[in-house]
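Subject: Structure handover and what was found in it

Dear colleague,

I am passing this structure on to you, and below it you will find my notes on what turned up. Please keep it open beside you while you read.

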Amino acid sequence: MELNKIYDHQKEGNNKAIEALKRDFMTLRSGKVSTTILDNVKVDYYGNPTPLNQVGSVLATDATTITVSPWEKPLLGEIEKAIQSANIGVNPNNDGEVIKLFFPPMTTEQREENAKKAKGMGDHAKVSVRNVRQDANNKVKSLEKEKEITEDESKKAQDDIQKSTNDANAKIDTLVKEKEAELLKI
C-alpha cells in the first residue's frame with residue numbers, strides 16, 4: 001500500500017534529523033574535553049592531508065587534557081602545525097615525545113553559550129522534522145485527490161503522520177534537555 005511507503009519515508013526522515021542533531025552535539029564542548037574536537041584536524045602526511053587519528057593516538061588523559069602521540073617521531077612538527085592552524089582554542093605543547101593540549105576549564109558564560117547553541121541545534125532538527133511532515137501530508141493529499149484513498153483514510157493518515165512528528169519532536173526535546181544539563185554541569 002502507498003501509505004506505508006509514506007510512513008516509512010517519514011520515519012526515515014525523522015531519524016535522519018535526530019542523528020544529525022546527535023552529530024551536531026558532538027561539536028559542543030562540555031566540561032570534559034573530548035577527542036572529537038580534533039576530528040577535523042588534517043596532518044600533512046607525506047603530501048597527503050590525513051586525519052590526525054590516523055597518524056598517532058589521540059587520548060583524553062583527564063577532564064582538561066588531550067595527548068597526541070605520533071606513530072612516527074618526525075611527524076611531531078607537522079601535527080603541531082596542523083593543530084595550530086585548526087584554531088581549536090588552545091596551543092599545542094610539544095615536549096619532543098608527545099603533544100599535549102591543555103584546555104582551560106569552561107567559564108559559566110561559555111557553558112551557557114553552548115547550551116544556547118544546543119537549543120538552536122534542536123530547533124533546527126525540529127524544522128527538518130516539520131518539513132518531513134509537510135512532505136508526507138502533501139503525498140497523502142495527492143493520493144486522496146487522485147481518488148486512490150478515501151477522505152477518511154486521508155484524515156487518519158494525516159493524524160498518524162502528526163503522531164510520528166510529535167514523537168520525533170519529543171525525542172529531540174529530550175536530547176536537548178540532556179545536552180543542556182550536561183553542558184551546564186560543572
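Helices here are DSSP runs marked H or I of at least four residues, numbered from the N terminus. With that in hand, we can say that helix 3 is followed by Lys-147, a residue whose phi is positive, near 60 degrees. Please bear in mind throughout that this is a predicted model.

Helix 3

Helix 3 is made of 38 residues, and the distance from its first C-alpha to its last is 55 Å, which is close to the 56 Å expected at 1.5 Å a residue. Two of its residues are worth a look. Lys-141 is found in this helix, which covers residues 108-145, and Lys-141 is partly exposed, since its relative accessible area is 42%. Although Lys-141 and Gln-158 are 17 residues apart along the chain, their C-alpha atoms are separated by 8.7 Å.

Ala-115 also lies in helix 3, but this residue counts as buried, because its relative accessibility is 7% and the cut-off for buried is under 20%. Leaving aside residues up to four places away in sequence, Ala-115 touches Glu-180, Leu-183 and Leu-184.

Helix 4

Glu-180, Leu-183 and Leu-184, the residues touched by Ala-115, bring us to helix 4, which spans residues 151-184 and in which Ser-154 lies. Ser-154 is buried, with a relative accessible area of 1%. When residues up to four places away in sequence are not counted, Ser-154 touches Val-140, Glu-144 and Ile-149.

Strand 4 covers residues 65-70 and contains Thr-67. Is Thr-67 buried or exposed? Thr-67 is buried, because its relative accessible area is 12%, and buried means under 20%. The residues that Thr-67 touches, not counting those up to four places away in sequence, are Ser-57, Val-58, Leu-59, Thr-61, Val-98, Ile-99 and Lys-100.

An aromatic pair

How many aromatic pairs does a search of the whole structure find? The search finds one. The pair is formed by Tyr-45 and Tyr-46, with 4.7 Å from centre to centre and 65 degrees between the planes, and the pair is edge-to-face because planes over 60 degrees apart are counted that way. As for the two residues themselves, Tyr-45 is partly exposed, with a relative accessible area of 25%, whereas Tyr-46 counts as exposed at 67% relative accessibility.

Key: Residues are numbered from 1 along each chain as its sequence is written. This is a predicted model: local features need pLDDT of at least 70, side-chain atom pairs count only at pLDDT 80 or more; totals for chains, interfaces and linings use all residues. Side-chain values use heavy atoms; hydrogens and water are left out. Rings of Phe, Tyr and Trp (its six-membered ring) pair if their centres lie within 6.5 Å; planes under 30 degrees apart count as stacked, over 60 as edge-to-face and the rest as tilted. Buried means under 20% relative accessible area, exposed over 50%, partly exposed in between (1.4 Å probe, protein chains only). Helices (H or I, at least four residues) and strands (E, at least two) are DSSP runs, numbered from the N terminus. The expected span of a helix is 1.5 Å times one less than its number of residues. Contact means heavy atoms within 4.5 Å.
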